[in-house]
Amino acid sequence: MKNNPKAPRRKGTAQLYALARILSKRGLASRTEAAEWIAAGRVRIDGEVVRDPEQRFPLNGIRVHIDGQDQISAPPCYLMLHKARGYITTHRDEQGRPTVYDLIPSEPWLIPVGRLDQASEGLLLFSNDTLWTQRLLDPASHVAKTYHVQIRPPLDGASLEMLAAGPLLDGRRCLPMGVRELRCGGKTQWLEMVLQEGRNRQIRRLLAAQGVTVLRLLRVAIGGLRLGDLRTGQWRWLDAREQALASHPDGFADPTPPRRPA
C-alpha cells in the first residue's frame, strides 16, 4: 500500500521525509541541488542508490553517502550578510542576474532566513540550522524586522499614524508596526519602519498605496541583531550571543539613518 503523507502517524512510528528535504535539513545542499544529486545516482542510503528525490526516509538513523563519501549533518553555522542592491535572494537565476550566493562562501551550504527583493539591501541572515530559521520566520514569534526607508514625497504625521496602526493589504489587516520619521530633507524623507510580520513586498506596497516612491530600502536589524558597520557586500559569522539576539522580539534600531549613496 502506498504511503499517504497526510495520514496520521501511528504512535511510535518515525516521521518520514522526502530524501531531498533530508539532505537540505542536514545542511548538505539546497533541496533543488539535492534532487539533482539523487536523480543522477550520486546518493546512497544505507548502501543502496536512491534515484527518487521524493522517496521517504526517517530524518535520523540512516547512513548517507554522496559520491561514495560518508556524510553526517553539517555543524550548525550562522552568517550575516550586508546584501547589496541588485542581487537576487536565490541560489540560481535563470536570467543570469547576480545572486546573494555570489557574496557568501560556497561551503557549508546555507539557506537564507527570509528574503530581500532585488532593489532592497541590508541585513540578510543565512543558516543550516532549520529550527533556528523556523523560529525567526514563524509569525507567532513576532521577531521584529527594522528598516530604514527613503521616500519621495514626504508623508505627514497623520499618514504615518495610519501606517503604524496596520492598514489593509490584500484585504487583510497588517499587524501594528513602528513608524517614525528619521529625517526630512524637503523633497525626500527617511522613515524607520519596524514590522512584526514579513508579507510580500509589504513596505513598498503600503507606501505605494500612499502615493509615494521608495528610493531606498535598507534592513538594519532583525530582532536585537543590528547590521552595524558591516559594509555593503560583506559577510561574517555570528557568535552565540548574536544568534540569540536575532531571535529576540525587540524594537527599534539605531536611529541614525544611513548616509546618502554617492
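**Close-up views of a predicted model**

**View 1. Gln71 in strand E6.** Gln71 is found in strand E6 (residues 69-71); helices (H or I, at least four residues) and strands (E, at least two) are DSSP runs, numbered from the N terminus. This is a predicted model, in which local features need pLDDT of at least 70 and side-chain atom pairs count only at pLDDT 80 or more, while totals for chains, interfaces and linings use all residues. Residues are numbered from 1 along each chain as its sequence is written, and side-chain values use heavy atoms, with hydrogens and water left out. Gln71 is partly exposed, at a relative accessible area of 22%; buried means under 20%, exposed over 50%, and partly exposed in between (1.4 Å probe, protein chains only). Apart from neighbours within four places in sequence, Gln71 is in contact (heavy atoms within 4.5 Å) with Arg26, Leu28, Val64 and Ile66. The C-alpha atoms of Gln71 and Leu23 are separated by 9.5 Å, and the two residues are 48 residues apart along the chain.

**View 2. Ser24 in helix H1.** Helix H1 spans residues 19-25 and includes Ser24. Ser24 is buried, with a relative accessible area of 15%. Residues up to four places away in sequence aside, Ser24 touches Ala29, Ser30 and Arg31.

**View 3. The salt bridge between Arg204 and Asp117.** The whole structure has 10 salt bridges, each being a side-chain nitrogen of Lys or Arg within 4 Å of a carboxyl oxygen of Asp or Glu. In the pair shown, the closest N and O atoms of Arg204 and Asp117 are 3.1 Å apart. Arg204 lies in helix H5 (residues 202-209) and Asp117 in the loop between strand E8 (111-113) and strand E9 (121-127), so the pair ties together parts that are 87 residues apart in sequence. Arg204 is buried at 14% relative accessibility, whereas Asp117 is partly exposed at 23%.

**View 4. Other salt bridges.** Arg97 pairs with Asp93 in a salt bridge, with 2.9 Å between the closest N and O atoms. Arg97 is partly exposed, with a relative accessible area of 29%, and Asp93 is buried at 18%. Glu242 forms a salt bridge with Arg236, where the closest N and O atoms are 2.8 Å apart. A network of salt bridges links Arg85, Glu121 and Arg216.

**View 5. The largest nonpolar core.** This core has 32 residues, and those with the most contacts inside it are Phe126, Val149, Ile151, Met193, Ile203 and Leu207. A nonpolar core is a set of buried Ala, Val, Leu, Ile, Met, Phe, Trp, Tyr and Cys residues joined through side-chain atoms within 4.5 Å. Elements giving two or more residues to the core include strand E10 (145-152), helix H4 (157-165), strand E14 (189-195) and H5. Leu207 touches Val149, Ile151, Leu155, Leu163, Leu191, Met193, Val212 and Val214, not counting residues up to four places away in sequence.

**View 6. The largest pocket.** The largest pocket has a volume of about 700 Å³, taken as the space filled by probe spheres set on grid points joined across faces, edges and corners. On a 1 Å grid over the protein atoms alone, a pocket is an open set of points where a 1.4 Å probe fits, with protein on both sides within 12 Å along at least five of seven lines; lining residues have an atom within 4 Å of a point. Of the 31 lining residues, Arg115, Tyr147, Gly198, Arg199 and Arg219 are the closest to the pocket centre.
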